[in-house]
Amino acid sequence: MSGAAPAVEAVVFDLDGVLVDSEQVWDEVREALAHERGGRWHARAQREMMGMSSPEWSRYMHESVGLRESPEEINRLVVERMLERYAKGPPWLPGALEAVARTAVSYTLGLASSSNRELIDRVLEAGGIAGLFRATVSSEEVARGKPAPDVYLEAARRLGVEPRACVAVEDSHNGIRSAKAAGMTCVAIPNPHFPPGDVLAEADLVVGSLDELTPRLLTLRAGGA
């Protein structure tokens with residue numbers, strides 16, 4: 001049998017840091033809540049929480065940051081404040097809507113995000129692109145958040161596509177590790193606010209912006225055709 005990679009059948013986007021410029025918004029909301037509620041915020045908190053599912057990061061804020069509220073209440077408060085921040089429209093990254101639209105012409109699309117389901121749905125509906133995704137998965141719907149592969153494996157399952165026939169589009173260290181652990185080809189668009197560091201070398205392809213993400217690029221470079 002040949003070891004050649006199969007043709008690309010699906011593209012699975014991350015959301016935060018890939019389509020919306022929101023990683024720092026999450027950081028601001030959580031840090032503000034920690035200060036308000038007497039928590040012990042520290043410089044490592046944001047990086048350690050990146051990619052965690054909502055049950056994981058809310059538990060982290062309760063146990064490690066020291067908020068007295070239950071993880072469930074912490075989750076509710078953070079999501080409520082994120083929705084308020086999105087009320088006037090999500091902070092789309094340049095070229096995000098265009099990249100999704102042109103990729104959907106050639107490939108089945110999925111989304112694998114650490115955001116809560118309510119936030120995912122709100123963002124995609126606001127951009128008028130919800131209908132372009134055949135499957136969307138929140139890491140709160142699987143056992144483990146990123147860097148575990150669960151959210152990407154579930155996206156592939158819902159799409160009905162083998163993980164190795166999928167290309168994941170990621171920006172963060174935990175996201176890249178998650179996609180690779182799932183057996184997907186990974187295209188990285190590094191987040192300038194929270195660069196992935198040495199993990200970037202694990203990506204199959206690195207591009208500078210969403211403008212470079214084209215079906216031709218995915219076929220020739222990421223797909224190994």
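User: Which residue in β2 is the bridge partner of Val-12?

Analyst: Strands of a sheet pair through backbone hydrogen bonds, in either a parallel or an antiparallel sense. In this structure, the bridge partner of Val-12 in β2 is Gly-110, and strand β1 (residues 10–13) is joined to β2 by four bridges, the two running parallel. Strands here are DSSP runs (E, at least two residues), as helices are (H or I, at least four), numbered from the N terminus, and two strands count as paired if DSSP finds at least two bridges between them. This is a predicted model, in which local features need pLDDT of at least 70 and side-chain atom pairs count only at pLDDT 80 or more, while totals for chains, interfaces and linings use all residues. Residues are numbered from 1 along each chain as its sequence is written, and side-chain values use heavy atoms, with hydrogens and water left out.

User: Which residue in β3 is the bridge partner of Leu-111?

Analyst: That partner is Thr-136, and β2 pairs with strand β3 (residues 135–138) in the parallel sense over four bridges.

User: What is the order of the strands in the sheet?

Analyst: The open sheet has six strands in the order β3-β2-β1-β4-β5-β6, with parallel pairing. Because β3 and β6 (205–206) stand at the edges, each with a single partner strand, one side of each is left without a neighbour in the sheet.

User: Which strands does helix α5 touch?

Analyst: Contact is taken as heavy atoms within 4.5 Å, and angles, from 0 to 180 degrees, lie between the N-to-C directions of axes fitted to C-alpha atoms, for helices over the stretch in contact. Helix α5 (residues 96–106) packs on the sheet, touching β1 and β2, and its direction makes about 160° with that of β1. Helix α6 lies across β2 and β3, running at about 140° to β3.

User: Is strand β2 largely enclosed or left open, and why?

Analyst: Buried means under 20% relative accessible area, exposed over 50%, and partly exposed in between, with a 1.4 Å probe and protein chains only. Five of the six residues of β2 (residues 108–113) are buried, so this strand is largely enclosed by the rest of the structure.

User: How many disulfides does a search of the whole structure find?

Analyst: A disulfide is a covalent bond between the sulfur atoms of two cysteines, identified here as a pair of cysteine sulfur atoms within 2.5 Å. The search finds zero; the sulfur of Cys-166 is 12 Å from the closest cysteine sulfur, in Cys-186, too far for a bond.
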